[in-house]
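Please keep the sequence and the structure in view while reading.

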Protein chains: 2
Amino acid sequence: MDIQMKRGLLDVCVLAAIKDEDSYGYKIIKDLKPYVELSESTLYTILKRLETARMLTVRSAEHDGRLRKYYHITQAGVGRIEDFKNEWKEVVTIYQFVRKEERHE
Amino acid sequence: MDIQMKRGLLDVCVLAAIKDEDSYGYKIIKDLKPYVELSESTLYTILKRLETARMLTVRSAEHDGRLRKYYHITQAGVGRIEDFKNEWKEVVTIYQFVRKEERHE
DNA sequence: ACGATATACATCGTAACACGAAGTATATAG
DNA sequence: CTATATACTTCGTGTTACGATGTATATCGT
C-alpha cells in the first residue's frame, strides 16, 4: 500500500487492534499483517504518539522472562475510531468523485 | 478532513479534476471544494510534483491579461488514477477491519 | 552444544508532504 | 477608489512512515 495512504489509516488500525483486548507490539504487527504491513519502528512510533495523546495507556508485564508492554485503549482512543468512521463518509465521496471523472463512452 | 488522510487522496483528486478537461490552479481548487479543501500553497506544490513525475504537462496561456497555466493529464497520470482504484479495495478492507473490531452486544 | 530464528522493544536520521504566511500582479464590482 | 476575486509563487515548519541499527532473551533443529 502507498505510504501516503497509510498516514490516514495506521493510527486507527492500531487502536482497533487493541480495542477489544489489550495487546503488545509484536502481536499488533502480526494481527494487522493481513490488512496492512507496518515495520516495528513505525509501530513503536505510533504507540508512543497515541500514548502522548492519551488514546491508550501502557502497562509492563513479564512474560517468559521477557518484558512485554501491554497497551490499553482509552475513551479518547475509542473516540478517535468514531471520528474515523465519520470521516469515512467523506473519503467515500472523494472516491466516487475520482471514479465519476472518467468517461464511459 | 484530517490532514493525514488527505495525503493519500489529494494527488489523485487533482488528477481527476483535470482528467476530462484541461484546467488551471484556481479552477481546480473551486472544483474540488465540495469534496476536499486545499490551499493554494498545497495545490501548487502538488501540481509541481505531478509535473516532475510526468503525470501532467503544463501550457501557459493568457486570459484577460492574466497568465494562466493549464494542466493536461498524461498517460502516467491516468495510470496513477487506476492504481488508486486498485488500492481502494485494500482501503475498504481496512475500514471493515476497524468496524469489525467493535463489540456489538 | 550451538547457531539460526523468533520474540520484543528502542532510537536515530531522512524524505515526503500539507499548510500558513507572505508576496506579486491584474480585473472587476460596489 | 477601494475592496474583492482571480492567479501564481516561495519559504519555513510540523507531522509522519520507514530503514538501519541496536539490545536482549527464548526456542528449535541438528
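Across the interface of chain B and chain A, zero salt bridges are found, a salt bridge being a side-chain nitrogen of Lys or Arg within 4 Å of a carboxyl oxygen of Asp or Glu. On the side of chain B that touches chain A, α1 (3-6), α2 (10-19) and α5 (75-100) each supply at least two residues; helices are DSSP runs of H or I with at least four residues, strands are E runs with at least two, and both are numbered from the N terminus. The most comes from α5(B), with 17 residues. By class, this side of chain B comprises 19 nonpolar, three polar and 14 charged residues, where Ala, Val, Leu, Ile, Met, Phe, Trp, Tyr, Cys and Pro count as nonpolar, Asp, Glu, Lys and Arg as charged, and the others, Gly among them, as polar.

The model is predicted: local features need pLDDT of at least 70 and side-chain atom pairs pLDDT 80 or more, while totals for chains, interfaces and linings use all residues. Residues are numbered from 1 along each chain as its sequence is written, chains are lettered from A and ligands numbered from 1 in the order written, and side-chain values use heavy atoms, with hydrogens and water left out.

Around DNA strand D there are 25 residues, of which A:Lys6, B:Lys30, B:Glu40, B:Tyr44 and B:Arg68 come nearest; a residue is near a strand if one of its heavy atoms lies within 4 Å of it. Sugar and phosphate make up 69% of the atoms of DNA strand D that come within 4 Å of the protein. The residues of this surface divide into seven nonpolar, seven polar and eleven charged.
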